[in-house]
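Student: I'd like to go through this model with you, starting with the charged pairs and then moving to the ligand. Can we take it piece by piece?

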Amino acid sequence: MTLSDKIDQAVEILQGAAEAVVFSGAGMSAESGIPTFRDPGGIWDQFDPEELGTGSGLLHTLARHPDRIRSFLENTIEIFLAAKPNPGHLALGAMEQMGLIRAVITQNVDNLHQEGGNSRVLEVHGNLFRQRCLACGQKQASEKVSYLMHIRRTLHKLASLDLAAILRELPRCRCGSPMRPDVVMFGEAVQDMHESFVEADGCSVMLVLGTSGVVYPAAALPQRAKQAGAKVIEINPGDSVYAGIADLRITEKTGRVLPEILQRLQHA
Ligand code: OAD
Ligand code: ZN
């Protein structure tokens, strides 16, 4: 089957279904300039997940190699400042407008699905631009650009990056305690998981976009959808753990395929 035939098949499945649910991963934002985790040159290729992916690793690295934390943060700030929703995100926003998408479940913390126009976004690994109080758990969202600029200025200002300095600079909750970024690190509890399972169990189509499907429990969502009777469409140029359950697999970039699907839906 050619790529064009597969896109036609995806359009047919989406048209014949009630609203679809999206399940996305880092590949969805690759064309926005955000590196994925596990592809060559990806985040876990450049940085050790043991050092930067867990709370204890982070504290350990901060004590021994604060330069690594600084360069990770500096690098990350510039990438997120430059990142805009790509044509794939925008196509999903337009598909929601057409009544074809009910919810987006994402492992991404970059806020790009919301910026692309989706209104119901379940962020199972949190959001980088939201803070959570270390004491009372209260959450507070920040405006992305001013938040990133603030961290950039703070990093420039701090001669040495140590725990005391970081605690001093963390934003404060109304209760007076410091707030941390509301993202999920390895070993921490995922978010919105109950709602995500409800969406997976209730959808008739799940679009699985740009995820390696190796980090649980989120990675189980496509199987849940399939078991509940949904059709699974996967778009990912790389290898897949979902090959066994996907009804349709399109091995291309989401930023290329989703706008094409949208265009054909609009002209169908
Ligand atoms: P990965 O880096 O594990 O996988 C990215 C996937 O995107 C791969 O399957 C690629 O083939 C695919 N990909 C690359 N470019 C693409 C493109 N342009 N279009 C479509 N697909 C593309 O990222 P995730 O699956 O998101 O968790 O990783 C899951 C979790 O592992 C992350 O949420 C994060 C990480 O550790 C936490 O931080 C808790
Ligand atoms: Zn608080």
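Student: Is Lys 157 buried or exposed?

Tutor: This is a predicted model, and in it Lys 157 counts as exposed because its relative accessibility is 57%.

Student: Which residue does Lys 157 form a salt bridge with?

Tutor: Lys 157 forms a salt bridge with Glu 169, and the closest N and O atoms of the two are 3.2 Å apart. Lys 157 belongs to helix α9 and Glu 169 to helix α10 (residues 163-169), so this pair ties together parts that are 12 residues apart in sequence. Glu 169, for its part, counts as partly exposed, because its relative accessibility is 24%.

Student: What does Arg 152 pair with?

Tutor: Arg 152 forms a salt bridge with Glu 78, where the closest N and O atoms are 2.9 Å apart. That pair links distant parts of the chain, since Glu 78 sits in helix α6 (residues 66-82) and Arg 152 in helix α9 (residues 144-157), 74 residues apart. Glu 78 is partly exposed, with a relative accessible area of 38%, and Arg 152 also counts as partly exposed, at 26%.

Student: And Arg 180, is that one buried or exposed?

Tutor: Arg 180 is buried, because its relative accessible area is 17% and the cut-off for buried is under 20%. Its side chain meets that of Glu 188 in a salt bridge, at 2.9 Å from N to O, and Glu 188 counts as partly exposed at 29% relative accessibility.

Student: Which residues are joined into one network?

Tutor: Glu 123, Arg 130, Arg 132, Lys 139 and Asp 182 are joined into one network by salt bridges that share partners.

Student: How many salt bridges does the count come to?

Tutor: The count comes to 17 salt bridges.

Student: OK, switching to the ligand. Which residues come nearest to ligand 1?

Tutor: There are 23 residues around ligand 1, and those that come nearest are Arg 38, His 125, Thr 211, Ser 212 and Asn 236. By class, the shell consists of 8 nonpolar, 11 polar and 4 charged residues.

Student: What about Thr 211, how does its side chain sit relative to the ligand?

Tutor: An N or O atom in the side chain of Thr 211 is 2.6 Å from an oxygen atom of ligand 1. For Trp 44, a side-chain N or O atom is 3.0 Å from a ligand oxygen, whereas for Gln 107 it is a backbone N or O atom that lies 3.3 Å from an oxygen atom of ligand 1.

Student: How much of the ligand's accessible area does the protein cover?

Tutor: Ligand 1 has 790 Å² of accessible area on its own, and the protein covers 92% of it.

Student: Now helix α7, which of its residues are buried?

Tutor: In helix α7 (residues 87-97), the buried residues are Gly 88, His 89, Ala 91, Leu 92, Gly 93, Met 95 and Glu 96. At the start of α7, a side-chain oxygen of Asn 86 reaches to within 2.7 Å of the backbone nitrogen of Gly 88, and after the helix comes Gly 99, whose phi is positive, near 80°.

Student: Last one: which residues make the nonpolar surface patch?

Tutor: Leu 59, Leu 134, Leu 163 and Leu 167 make that patch, which has an area of about 350 Å². Leu 59 lies in helix α5 (residues 55-64) and counts as partly exposed, because its relative accessibility is 48%.

Technical notes:
Residues numbered from 1 in each chain as written. Chains lettered and ligands numbered in written order. Predicted model: local features only at pLDDT ≥ 70, side-chain atom pairs only at ≥ 80, totals over all residues. Heavy atoms only, no water. Near = heavy atom within 4 Å. Polar contact = N/O pair within 3.5 Å; in protein donor to acceptor, adjacent residues only side chain to side chain. Areas by Shrake-Rupley, 256 points an atom, 1.4 Å probe, with all protein chains shown as cover. Nonpolar A, V, L, I, M, F, W, Y, C, P; charged D, E, K, R; others polar. Patch = residues over 30% accessible without salt bridge, like charges linked within 9 Å, V, L, I, M, F, W, Y side chains within 5 Å. Salt bridge = Lys/Arg side-chain N within 4 Å of Asp/Glu carboxyl O. Helix = DSSP H or I, 4+ residues; strand = E, 2+ residues; numbered from the N terminus. Buried < 20%, exposed > 50% of the residue type's maximum accessible area, 1.4 Å probe, protein only.
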